[in-house]
Amino acid sequence: MRFRTLVFLVVLVVVVGVGIAFWRGSGPLPDPEGCTARLGAQRVELSTEQAENATLIAAIGVSRGLPARAVSIALATAYQESTIRNLTHGDRDSLGLFQQRPSQGWGTTAQVRNPYYAINAFYDALEKIPNYKAMRITEAAQRVQRSGYPEAYEDHAPDARALASVLTGYSPGGLFTCVVHEPTQRGTAARVTHQLERAYGDLDVTRTGSRQDLVVAVSRDRAGRRLGWSVAQFLVGHGVSLRQESVSHDGLTWTTGRPSEDGWQSGGDAAGVTRVRISMG
């Protein structure tokens with residue numbers, strides 16, 4: 001009886017151990033897709049859908065020449081209003097990332113459901129607020145949104161600040177990464193170029209090599225390094241939809257599939273090289 005009990009306990013421990021290993025992604029099963037930003041002690045977890053929207057909010061902020069503070073305010077607002085998802089529903093006629101209401105002059109239903117339009121509309125309204133950069137995040141967000149819960153935005157301020165600093169490149173060095181499974185079919189250089197230019201405007205993007213890989217050139221100064229990391233992390237955040245093989249910048253490389261579970265790794269161009277390289281595979 002004791003022997004059978006001991007065998008049962010051993011089998012149970014093995015089964016539970018294997019199950020935990022699978023759940024944590026350390027076994028033969030891949031980690032689930034998703035993204036993580038780390039800044040100091042702050043760790044922010046995002047789904048791939050949230051990551052695409054968050055990196056787009058940051059990219060448009062960068063393209064408009066806005067400070068990271070503006071991006072923090074936009075992200076905190078999107079967290080509160082939609083959990084950074086492009087919603088098809090909301091209170092009364094509220095829709096989209098920021099739950100903007102067509103009846104309140106934010107645009108047509110189709111416009112506020114378009115993330116590019118919605119993000120630019122939010123920044124347009126934010127820039128009209130005098131001295132918004134000196135306000136608490138929740139105060140600036142409330143001036144734009146005029147919500148019935150004016151303090152609610154502050155709950156998301158720590159995550160929003162960390163994300164904004166990382167995704168705008170102010171905190172460089174591969175601090176944002178995603179697990180993206182190997183796609184069944186690779187994306188195209190044309191689609192990647194279109195998405196980059198739509199988000200950032202006039203980028204210096206060129207094709208190179210027989211595989212039609214891409215290089216985004218950035219300047220050697222601090223602003224160029226920030227732009228390079230913002231672009232690199234935008235690409236990682238859009239890895240599911242753009243389906244590139246790898247992204248390299250500043251001596252680090254991120255690769256789709258199982259390698260993406262390990263985040264950014266040493267390799268690719270030398271550190272300090274002023275370009276972002278995208279391999280389409």
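Biologist: In which hand does α3 pass α7?

Modeller: In this predicted model, α3 passes α7 in a right-handed crossing. The two helices, α3 and α7 (residues 157–167), pack at an angle of about 130°, with their axes 8 Å apart. Angles over 145 degrees would count as roughly antiparallel and those from 65 to 115 as roughly perpendicular, and α3 and α7 are therefore oblique to each other.

Biologist: Which residues in α3 and α7 meet?

Modeller: On the α3 side they include A68, V71, L75 and Y79, and these belong to a group that meets D159, A160, R161, L163 and A164 in α7.

Biologist: Which residues have the most contacts inside the largest nonpolar core?

Modeller: In soluble globular proteins, nonpolar side chains tend to be buried together. Here the largest nonpolar core has 74 residues, and those with the most contacts inside it are L46, I57, Y123, L126 and F176. The largest share of this core, 8 residues, comes from helix α3 (residues 68–82). Leaving aside residues up to four places away in sequence, I57 touches V71, A74, L75, A78, I84, F98, I119 and Y123.

Biologist: How many disulfides does the structure hold, and which residues form a disulfide?

Modeller: A disulfide is a covalent bond between the sulfur atoms of two cysteines. The structure holds 1 disulfide, formed by C35 and C178, whose sulfur atoms are 2.0 Å apart. C35 lies in strand β1 (residues 34–39) and C178 in strand β3 (residues 176–179), so the pair ties together parts that are 143 residues apart in sequence.

Biologist: Are C35 and C178 buried or exposed?

Modeller: Both C35 and C178 are buried. The torsion about their S-S bond is about 105°, so the disulfide is right-handed.

Notes
Residues numbered from 1 in each chain as written. Predicted model: local features only at pLDDT ≥ 70, side-chain atom pairs only at ≥ 80, totals over all residues. Heavy atoms only, no water. Core = buried A, V, L, I, M, F, W, Y, C linked by side-chain atoms within 4.5 Å. Buried < 20%, exposed > 50% of the residue type's maximum accessible area, 1.4 Å probe, protein only. Helix = DSSP H or I, 4+ residues; strand = E, 2+ residues; numbered from the N terminus. Contact = heavy atoms within 4.5 Å. Disulfide = S-S within 2.5 Å. Axes fitted to C-alpha atoms, helices over the stretch in contact; angles between N-to-C directions. Parallel < 35°, antiparallel > 145°, perpendicular 65-115°, else oblique. Left-handed = near helix turned anticlockwise from the far one by under 90°.
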